[in-house]
Amino acid sequence: MYVTAAILSALLALGSLAAGAPKALLKGDVPAALQSHMGLSAGFVRFIGLAEVAAAAGLVVGLFWQPLGIAAATGLAITMIGGAAFHAKAGDYADPATRKNAMSPFVFLALSVATAVTLGLAM
């Protein structure tokens, strides 16, 4: 079970870091779109990015201390629920042009839950 937890943690950490770093640095298209399309402030976008980067670090350390990994995966899952809510509020699920990008919180949510569960079972 630990091997599965390690693989899921690594995948989730890489994905979280890749998604969070541009937001934390306010660089690229995603932070700009979050600010213009969703009306989020630059500070809030940076906060989301820092939370995703912190989750990535927690998942890596969580490979050696599972309670931290479980907390990081759970925190990321909660963040993704919020992301899905913001996409719903913006109407992204009704618009075929934005629906594909708006589905990413659900992918991260599923991976976060699977990671938290497998880390818990690996203890």
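User: Which residues of H1 are buried?

Analyst: Buried means under 20% relative accessible area, exposed over 50% and partly exposed in between (1.4 Å probe, protein chains only). The buried residues of H1 are Ala5, Leu8, Ser9, Leu12, Ala13, Gly15, Ser16, Gly20, Lys23 and Ala24. Helices are DSSP runs of H or I with at least four residues, numbered from the N terminus. This is a predicted model, in which local features need pLDDT of at least 70 and side-chain atom pairs count only at pLDDT 80 or more, while totals for chains, interfaces and linings use all residues. Residues are numbered from 1 along each chain as its sequence is written, and side-chain values use heavy atoms, with hydrogens and water left out.

User: What covers the buried residues of H1?

Analyst: Contact means heavy atoms within 4.5 Å. The cover includes helix H2 (29-36), helix H3 (42-61), H4 and H6. Serine 9, which lies in H1, counts as buried because its relative accessibility is 1%. Apart from neighbours within four places in sequence, serine 9 is in contact with Leu59, Leu63, Thr115 and Leu119.

User: At what angle do the axes of H4 and H6 cross?

Analyst: Axes are lines fitted to C-alpha atoms, for helices over the stretch in contact, and angles between N-to-C directions run from 0 to 180 degrees. Angles under 35 degrees count as roughly parallel, over 145 as roughly antiparallel, 65 to 115 as roughly perpendicular and the rest as oblique. The axes of H4 (residues 66-89) and H6 (residues 104-122) come within 8 Å and cross at roughly 160°, so the two helices are roughly antiparallel. The residues of this contact divide into 13 nonpolar, eight polar and no charged. Here Ala, Val, Leu, Ile, Met, Phe, Trp, Tyr, Cys and Pro count as nonpolar, Asp, Glu, Lys and Arg as charged, and the others, Gly among them, as polar.

User: How do H3 and H4 cross?

Analyst: Their axes come within 8 Å and cross at roughly 150°, which makes H3 roughly antiparallel to H4. The contact is made by residues including Phe44, Glu52 and Ala55 of H3 and Leu68, Gly69 and Ala72 of H4. Its residues divide into ten nonpolar, two polar and one charged.
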